[in-house]
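Q: I'd like to learn how to read a helix and a core. Can we go through one model together?

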Amino acid sequence: MIISASYKTDIPTFYGEWFMNRLRSGHCKMLNPYSRRSIRVSLMREDVDGIVFWTKNVSPFLKFLPEIRERGIPFMVQHTINGYPRALEHSVVDAASSVRSVRKIADDFGPEVCIWRYDTIVMSSSTPESFHLQQFSRLAESLRGAVNEVVISFMQLYAKTVRNLNAAGKEFSFTWHDPSADEKRNLGKKLVEIAGSFGLRLSICAQRELLVDGAFDARCVDAERLGRIAGEHISTKLRGNRKECGCFASRDIGEYDTCPHGCVYCYAVRNQELALARYRKHNPNSEFLFEPEFPVAGEEESPQLSLI
């Protein structure tokens, strides 16, 4: 079983102590949102094939990576670095700091371990195409040799995303728009060319209609990459968590509405105030990342593969 930690929240930035406490104990618990029953997820080495971490600031978690490696668990880091204006990312660490952290991971564990994510791509009056081309090129150059792949995606317009973007646009005086598929593909072609000039493979996450020459279908939870890192084959199936997702099957152990980065385009957070409140209530010694707000209806057996 591959553990995803987590596309629902930023565990390395905000919940690293909790994760290590659970790893050392050998399990964590989640709440099934449908049955309201708890699910016990094994984190024992014999049950874990590898771990995929998702983050916008791995720096607070760097001190824990050697212990995870010593436990014999292969891991990879999906690290988003956009360098967006504060109007779009209220509390994200500056890009230069993130680049330094990614380079340290490469120095300590090799360039296969970290994947750079330039996503979500937001088209706005503050971040027009010219911004993205300049920023992407600058970041690609600064990460040359430390990563070998960059993953991009364009904004998905969920209701909460539209609401948060509209509120931010009103507060910070910017406008935004959803480009046409042709506009997205044209930008994708330019980004492929820039990525290639710095030795990077460019992949597109769960948006196959936007694939262009030179771009690949992203596998963010990648058993093959984890296998190369581990030096052994990892046997699991392709099973994405949404339409057009190219990932291998995994168990995500995060919780929605718990990430206080303040990214107004985020699909995993209804609003920053709720995420901040939940973060402040967080108990690093709990079995749950976020304690259930209602009584748990019992415990159910955890399947090997789950998309919850």
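Q: Which strand do the buried residues of H6 pack against?
A: They pack against strand S9 (176–177), with contact meaning heavy atoms within 4.5 Å. Helices (H or I, at least four residues) and strands (E, at least two) are DSSP runs, numbered from the N terminus. Before going on: this is a predicted model, where local features need pLDDT of at least 70, side-chain atom pairs count only at pLDDT 80 or more, and totals for chains, interfaces and linings use all residues. Residues are numbered from 1 along each chain as its sequence is written, and side-chain values use heavy atoms, with hydrogens and water left out.

Q: Which residues of H6 are buried?
A: Buried means under 20% relative accessible area, exposed over 50%, partly exposed in between (1.4 Å probe, protein chains only). In H6 the buried ones are Thr 161, Asn 164, Leu 165, Ala 168 and Gly 169. Looking down the axis of H6, they fall within an arc of 135° (directions from the helix axis to the C-beta atoms), so they line one face of the helix.

Q: Why do residues three or four places apart point the same way?
A: An α-helix has 3.6 residues a turn, so that spacing points the same way. On the face of H6 turned away from the buried side sit the exposed Ala 159, Lys 170 and Glu 171.

Q: What comes just after H6?
A: Ser 173, with a positive phi of about 60°.

Q: And the largest nonpolar core: which residues have the most contacts inside it?
A: A nonpolar core is a set of buried Ala, Val, Leu, Ile, Met, Phe, Trp, Tyr and Cys residues joined through side-chain atoms within 4.5 Å. Here the largest has 82 residues, and Phe 19, Ile 68 and Trp 116 have the most contacts inside it. Helix H4 (residues 95–109) gives the largest share, six residues.
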